[in-house]
Protein chains: 2
Amino acid sequence: MGRWEPNARGRLEQAAMALFETRGYDRTTVEEIASRAGVTERTFFRYFADKREVLFGGAKDLERLIVDTIVNVPAATAPLDAVIAALQATASTFEERRGYARKRRGIITTHADLQERELIKLASLASAIAVSLRQRAVAAAAADLIAELGIAIFRNAFERWVDDKERRPLSRHVQAAVDELKAVAAGTGTSSSRLRTANASRRPSSKGR
Amino acid sequence: MGRWEPNARGRLEQAAMALFETRGYDRTTVEEIASRAGVTERTFFRYFADKREVLFGGAKDLERLIVDTIVNVPAATAPLDAVIAALQATASTFEERRGYARKRRGIITTHADLQERELIKLASLASAIAVSLRQRAVAAAAADLIAELGIAIFRNAFERWVDDKERRPLSRHVQAAVDELKAVAAGTGTSSSRLRTANASRRPSSKGR
DNA sequence: TCTCCTGATGTCAGACTCTGACATCAACCA
DNA sequence: TGGTTGATGTCAGAGTCTGACATCAGGAGA
């Protein structure tokens with residue numbers, strides 16, 4: 001056995017979530033998180049560049065999985081379908097964490113700081129997707145556009161999955177979002193379309209910034 | 001004459017820009033900015049919620065102008081055209097500040113913190129545009145989509161305007177971005193399309209976040 | 001004119017975030 | 001045995017941001 005309890009990073013993430021839930025994000029200090037995880041504040045900052053990052057640890061893995069999938073999808077697959085396939089590939093990894101995702105979403109949507117971080121993470125993911133598409137010989141402009149569409153679909157699906165009282169799987173929601181997007185693009189969208197929901201979810205809090 | 005020099009806010013903004021340019025954003029302290037503007041650090045934080053905000057003072061005015069224009073455009077105007085008209089309405093207000101815009105852009109693109117702020121400001125602007133469109137009886141889903149398109153056009157045009165060695169006016173670039181977007185949508189975009197440029201400009205710095 | 005009130009600013013103390021430099025010490029390796 | 005390594009701790013300090021209270025010129029009204 002090592003000199004210290006293993007998985008300090010994971011303990012920090014769990015401690016942070018627990019404290020953010022009960023006390024709220026900004027009434028929780030890094031010292032409290034660290035202490036609950038059994039390490040010092042200094043160690044927290046060795047694992048996470050800043051306080052916000054403790055909520056975004058999964059972004060790297062998500063990006064890796066998506067990029068790998070896009071690169072490995074059969075060459076004949078259309079670009080948007082490749083992206084959709086990648087989104088579907090990630091769907092199962094979320095399936096058992098709906099409760100967690102819901103709590104996390106609740107924390108993020110109530111703090112402008114965290115929304116900022118989320119936006120930049122998504123922009124970064126879109127960039128990575130676009131790069132992967134270019135490796136599949138997709139023209140740059142198209143790659144960027146499709147990457148953005150992919151993000152829009154993902155957001156939309158994720159949002160509805162988190163709130164789905166019938167607990168249908170994320171993959172179903174991704175498919176539904178794709179269908180709806182196509183419908184909207186074809187001019188048959190309704191005014192209660194999901195796109196609205198997706199947009200509302202990323203509206204910054206009215207904190208006066 | 002008042003008890004203090006007037007326009008403390010403006011002085012703070014100017015002082016900040018000057019210092020960010022020479023020392024860089026993170027080697028400039030709020031105390032230095034305030035001191036150069038002839039006030040105390042505490043006063044800085046009365047005008048700006050945080051250090052980043054000093055670079056985003058214009059966002060409120062921009063939003064107001066855009067929203068007002070959208071609301072007042074003839075009812076018969078198509079939604080996207082209303083948004084484009086609003087963008088054009090703002091174009092002239094930037095015209096005399098290309099140098100400033102360029103410096104500002106340079107500072108923002110080299111600091112992840114500032115890019116985050118910029119992203120959330122743009123998201124907020126998109127939201128406001130969508131709301132205005134709904135007031136014109138545009139369906140919610142369409143309003144969101146068109147608002148996002150408007151932001152994409154604006155970003156793209158702004159980016160190219162700032163770097164335009166021929167110093168063509170922003171309005172020209174807005175029109176060009178619109179044309180290009182339509183071309184891409186029609187499937188005739190080239191691989192060196194502007195959309196690529198626009199996307200690259202918002203790619204977060206590789207600071208490992 | 002005197003007095004009161006208001007608004008912009010200053011002063012001060014302090015909590016919190018984040019960083020650099022250096023110390024510790026178990027485990028692993030030669 | 002002895003040296004190295006890697007994760008962590010300790011400490012000091014800079015910088016951001018906030019709350020509470022003080023100051024004081026100028027305007028409003030008596």
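Visitor: Which element gives the largest share of the surface near DNA strand D?
Guide: In this predicted model, three residues of the surface near DNA strand D come from one element, and that is the largest share. The elements that give two or more residues there are α3 of chain A together with α2 (30–37) and α3 of chain B. The largest share comes from α3(A).

Visitor: Which residues come nearest to DNA strand C?
Guide: Around DNA strand C there are 18 residues, and they divide into seven nonpolar, four polar and seven charged. Those that come nearest are A:Asp50, A:Lys51, B:Ala8, B:Arg42 and B:Thr43.

Visitor: Which element gives the most to the surface near DNA strand C?
Guide: Two or more residues each are given by α2 (30–37) and α3 (41–47) of chain A and by α3 (41–47) of chain B. One of these gives three residues, the most to this surface, and that element is α3(B).

Visitor: How many helices and how many strands does chain A have?
Guide: Along the sequence, chain A follows the pattern α-α-α-α-α-α-α-α-α-α. The counts are 10 helices and zero strands.

Visitor: What percentage of the residues in chain A is buried?
Guide: A residue is buried if 20 or more other C-beta atoms lie within 10 Å of its own. Chain A has 209 residues, and the buried ones make up 37%.

Visitor: Are α8(A) and α9(A) parallel or oblique to each other?
Guide: Two packed helices are described by the angle between their axes and the distance between the axes. Helix α8 (residues 140–163) of chain A and helix α9 (residues 170–185) of chain A pack at about 130 degrees, with their axes 8 Å apart. Because of that angle, α8(A) and α9(A) are oblique.

Visitor: Which residues of α9(A) meet α8(A)?
Guide: From α8(A), the contact takes in A:Ile153, A:Asn156, A:Ala157, A:Arg160 and A:Trp161. The residues of the contact of α8(A) with α9(A) divide into eight nonpolar, two polar and one charged. On the side of α9(A), the residues are A:Leu170, A:His173, A:Val174, A:Ala177, A:Val178 and A:Leu181.

Visitor: Is A:Arg167 buried or exposed?
Guide: A:Arg167 lies in the loop between α8 and α9 of chain A. Although A:Arg167 is not a glycine, its phi is positive, at about 55 degrees. Because A:Arg167 has 8 C-beta neighbours inside 10 Å, it is exposed.

Visitor: What is the phi of A:Ala137?
Guide: A:Ala137 is found in the loop between α7 (112–135) and α8 of chain A. With 10 C-beta neighbours inside 10 Å, A:Ala137 counts as exposed. A:Ala137 is not a glycine, yet its phi is positive, at about 65 degrees.

Visitor: Are α6(B) and α7(B) roughly parallel or roughly perpendicular?
Guide: Helix α6 (residues 98–109) of chain B and helix α7 (residues 112–135) of chain B pack at an angle of about 110 degrees, with their axes 6 Å apart. Angles from 65 to 115 degrees count as roughly perpendicular. Therefore α6(B) and α7(B) are roughly perpendicular.

Note on methods
Residues are numbered from 1 along each chain as its sequence is written. Chains are lettered from A and ligands numbered from 1 in the order in which they are written. This is a predicted model: local features need pLDDT of at least 70, side-chain atom pairs count only at pLDDT 80 or more; totals for chains, interfaces and linings use all residues. A residue is near a molecule or strand if its C-beta atom, placed from the backbone, lies within 6 Å of it. Helices (H or I, at least four residues) and strands (E, at least two) are DSSP runs, numbered from the N terminus. Ala, Val, Leu, Ile, Met, Phe, Trp, Tyr, Cys and Pro count as nonpolar, Asp, Glu, Lys and Arg as charged, and the others, Gly among them, as polar. Axes are lines fitted to C-alpha atoms, for helices over the stretch in contact, and angles run from 0 to 180 degrees between N-to-C directions. Angles under 35 degrees count as roughly parallel, over 145 as roughly antiparallel, 65 to 115 as roughly perpendicular and the rest as oblique. Two residues are in contact if their C-beta atoms, placed from the backbone, lie within 7 Å. A residue is buried if 20 or more other C-beta atoms lie within 10 Å of its own, exposed if 12 or fewer, and partly exposed in between; C-beta atoms are placed from the backbone.
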